[in-house]
Amino acid sequence: MSSSQRAEGSYGFFKQYISRRNSLMDFIIRFERALSHQRQKELVADHVDAFEVAQCILPMPMNKQIATLYTRTMFQKFEQELIQSTACFLELKTEDASKVVFNVSERKNWETRVAEVVYVKDSDHASCSCKRFEFVRIICKHILALFSRNQIEYMPDKYILRWKKTAKSGLVSDAIGNEIKDSADPGLLIKRSAMSRLASDVVEDALMSEEGCELLSETLKSLQVKLKLLKDGPRRSKRVTGAKEKAMKRGIRHCRECGHIGHDRRQCPRNLNTP
């Protein structure tokens, strides 16, 4: 079920950019464009998670706790479960020395739905028949209703397994075990992604015609020169000093007869060879 859902999600995402009428070249260009857009959204979301805390609809300690731990998207999903848990009703079904079983009912669209929550006393663990926590790793409204009944104000650590903001801050190693350093400036990553997306769009438009390719190529070459000058900054060009000028600066005299260095007029080979 999980693999099927991922495949359907991928298809739903990429069909916004591609169609069966695309040529192979169009498909490759549009596929890369889709990935670029996806990376852009992810970088923006990372920036928001790093510098902002989501506003809580319910002023509850657990809600505020998860708002500081989960990413914005997953917190919103959790908060919806928490809101819906307030409309759930618990009924004790069975209890023995090892566990307690509750029927958790919820009335939705004029229909009553019932889930079964099992609380194991020895391990202090709750599970639900809806299996939302097993599939999505977010506590369901049924277990949250049990937490509310037992006056548990904060989420136990064992139920916070994924979706943390710090998930990307761990060490990442390459194939030989060397640590890969990430960029320390999220704002720079967003700028890079935005410019990459713009460049991808421009290249895609240019590839539609030969004139467009030539125009883009000329523009990029001109832009490359300007960026290099901007990067290098204003520099004063140094004039190449000739050997004669260097000799004069050192106080070396030149032969007045031939102009060469290393002898004077009296020792000039021209005069010596003259009969």
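Glu106 is buried, at 8% relative accessibility. In this predicted model, Glu106 pairs with Lys141 in a salt bridge whose closest N and O atoms are 2.9 Å apart.

**Salt bridges**

How many salt bridges does a search of the whole structure find? The search finds four. Side chains of opposite charge can pair when their charged atoms come close.

| Acidic residue | Basic residue | Closest N and O atoms |
| Glu106 | Lys141 | 2.9 Å |
| Glu81 | Arg132 | 3.1 Å |
| Glu95 | Lys121 | 3.3 Å |

Glu81 and Arg132 form a salt bridge. This pair links distant parts of the chain, with Glu81 in helix H4 and Arg132 in helix H5 (residues 132-136), 51 residues apart. Glu81 counts as buried at 9% relative accessibility, whereas Arg132 is partly exposed with a relative accessible area of 25%.

Glu95 forms a salt bridge with Lys121. Glu95 lies in strand E1 and Lys121 in the loop between E3 and E4, so this pair ties together parts 26 residues apart in sequence. Lys121, at 32% relative accessibility, counts as partly exposed.

Helix H6 covers residues 141-149 and is mostly covered, with seven of its nine residues buried. The buried residues are Lys141, His142, Ile143, Leu144, Ala145, Leu146 and Phe147. What covers them includes two helices, H3 (61-69) and H4. The cover also includes strands E1 (89-95), E2 (99-108), E3 (111-120) and E4 (125-128). Just after H6, Gln151 takes a positive phi of about 60 degrees.

Ser85 is found in H4 and counts as buried, at 9% relative accessibility. Leaving aside neighbours within four places in sequence, Ser85 is in contact with Lys141, Leu144 and Ala145, which are among the buried residues of H6. Between Ser85 and His142 the C-alpha atoms are separated by 6.3 Å, although these residues are 57 apart along the chain.

Glu79 is found in helix H4, which runs over residues 72-85. Which is the nearest side chain of opposite charge to Glu79, and how far away is it? It is Arg72, 8.9 Å away. Not counting residues up to four places away in sequence, Glu79 touches Gln55, Cys56, Ile57, Leu58 and Asn63. Glu81, by contrast, is in H4 and does form a salt bridge, with Arg132.

**A negative patch on the surface**

Which residues gather in a patch of negative charge on the surface? They are Glu210, Glu211, Glu214 and Glu218. Glu211 lies in helix H8, which spans residues 210-232. Is Glu211 buried or exposed? Glu211 is exposed, because its relative accessible area is 59% and the cut-off for exposed is over 50%.

Methods: Residues numbered from 1 in each chain as written. Predicted model: local features only at pLDDT ≥ 70, side-chain atom pairs only at ≥ 80, totals over all residues. Heavy atoms only, no water. Helix = DSSP H or I, 4+ residues; strand = E, 2+ residues; numbered from the N terminus. Buried < 20%, exposed > 50% of the residue type's maximum accessible area, 1.4 Å probe, protein only. Lys, Arg positive; Asp, Glu negative; His and termini not counted. Contact = heavy atoms within 4.5 Å. Patch = residues over 30% accessible without salt bridge, like charges linked within 9 Å, V, L, I, M, F, W, Y side chains within 5 Å. Areas by Shrake-Rupley, 256 points an atom, 1.4 Å probe, with all protein chains shown as cover. Charge placed at Lys NZ, Arg CZ, Asp CG, Glu CD.
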